[in-house]
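The entries follow in the order in which I looked.

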Amino acid sequence: MSDIETMKSEALAAIAAAHEPAALEALRVGLLGKQGSVSALLKTLGAMSPEERQAKGPAIQGLREAVAEALAARKQAFDAAELAERLATERVDLTLPAPDAPRGSVHPVSQVMDELAEIFADLGFAVATGPEIEDDWYNFTALNMPESHPARAMHDTFYFPDQAPKGGKMLLRTHTSPVQVRTMLAEGAPLRVIAPGRVYRSDSDATHTPMFHQIEGLVIDRDIHLGHLKWTLETFLKAFFEREDIVLRLRPSYFPFTEPSVEVDVGFAIEKTADGRSRRVLGGSGDAPGHGWMELLGSGMVNRRVIEMSGLDPDEWQGFAFGLGVDRLAMLKYGMDDLRAFFDGDARWLAHYGFSPFDQPTLSSGVGARA
Ligand code: FA5
């Protein structure tokens, strides 16, 4: 038997006899490690003449492969045995009581999203979604903002260098309104949907963050008018703030994708709560002494051009749409002052403002958490 054959059978026998992972690892280092015997043999290949290398090379390479394979197979056997032993001995007792103080908490934005979905589901709205990396046709053009339309500049857009499929550029969507177009194109009419999600703008101060959350609402049907929009918003805001004395102020506004367009303000006052937190409580007119108006959302009747570009006949189908800032709603309901803290990831802030995961919002027991 050649030296190499002898080395191989000795190595394979030693690997087969290794009785624990540490012994196997020592063998691996001794054979294939930097100073290992097989590695040393491999290094001799470099100094051989081409003829010699042709004669001895395959045997040396074969030795390395056989040793590596045997080591891997033995290691796999050890791992499988260890797993089998753990499965046989480790147990989780699901009957044990939960810890007194659960450590995780639900972020206020997730809480408010759940509350909104609950309320709108009760009003018969389905949930629609769209991509966060959007095509500028859906984000702008189809919403009646052709290239060089001045309203595009209002959005401080993050663009990608890539070309979009329909020309123009790819971008991070600046609002949830492109989901209006995507849903009309995919599902036709009639429609009653909300589209919650993340949106992005190059903007940062106490009431603006570069990433924030919006929820879009869209109703398309025959004979829809502004009264339906006002009723829907009033009903939703009363359920969300859990009070009947909500007063809305509708102001004429401008969005290229709605006509007429309406901005909605809500009356608020500042109150000290028992735990010392200042909380903005809504209710009553914003013109009452000590009260003010806070802008909550943009809305309006869907522009005929948008209905047309979404593949529907505007003489047959009309609708209303609204878009609101979820983070601002959370601030207003739960009394936070700085929007940037929402995304700092500070565990103390979350412990203070987070919600119990066990407290699910429901319309019957109240959408506000009682944490
Ligand atoms: C829009 O984004 C329109 N798409 C809304 C709309 C939808 C109008 C459907 C008509 C029909 P606007 O840019 O005003 O509109 O933003 C809507 C809301 O998002 C604002 O009222 C505000 O609450 C919130 N918002 C806007 N920018 C920021 C930001 N940088 N940080 C946090 N919230 C923001």
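I began with P190, which I found in the loop between α7 (178-187) and β5 (191-200); helices here are DSSP runs of H or I with at least four residues, strands are runs of E with at least two, and both are numbered from the N terminus. The peptide bond that leads from A189 into P190 is cis, its omega being near 0°.

Before going on I noted that the model is predicted, that local features need pLDDT of at least 70 and side-chain atom pairs pLDDT 80 or more, while totals for chains, interfaces and linings use all residues. Residues are numbered from 1 along each chain as its sequence is written, and side-chain values use heavy atoms, with hydrogens and water left out.

I then looked up P260, which lies within strand β8 (residues 258-272), and the bond from E259 to P260 is cis, with omega near 0°. At S148, in the loop between α6 (136-139) and β3 (159-163), I noted a positive phi of about 70°, although S148 is not a glycine.

For the domains, I found the protein chain divided into domain 1 (2-90) and domain 2 (108-353), with bounds that come from an automatic or database domain assignment. Their C-alpha centres lie 64 Å apart.

Which residues come nearest to the ligand? Of the 24 residues around the ligand (a heavy atom within 4 Å), I listed H175, S177, R201, T209 and R328 as the nearest. I counted seven nonpolar, 12 polar and five charged residues in this shell, with Ala, Val, Leu, Ile, Met, Phe, Trp, Tyr, Cys and Pro taken as nonpolar, Asp, Glu, Lys and Arg as charged, and the others, Gly among them, as polar.

Turning to individual atoms, I found a ligand nitrogen 2.9 Å from an N or O atom in the side chain of S177, and a ligand oxygen 2.9 Å from an N or O atom in the side chain of R201. A ligand nitrogen is also 3.1 Å from a polar backbone atom of T209. The elements that give two or more residues to the shell around the ligand are β6 (211-221), β10 (291-302) and β11 (318-325).

Terms used:
Polar contact = N/O pair within 3.5 Å; in protein donor to acceptor, adjacent residues only side chain to side chain.
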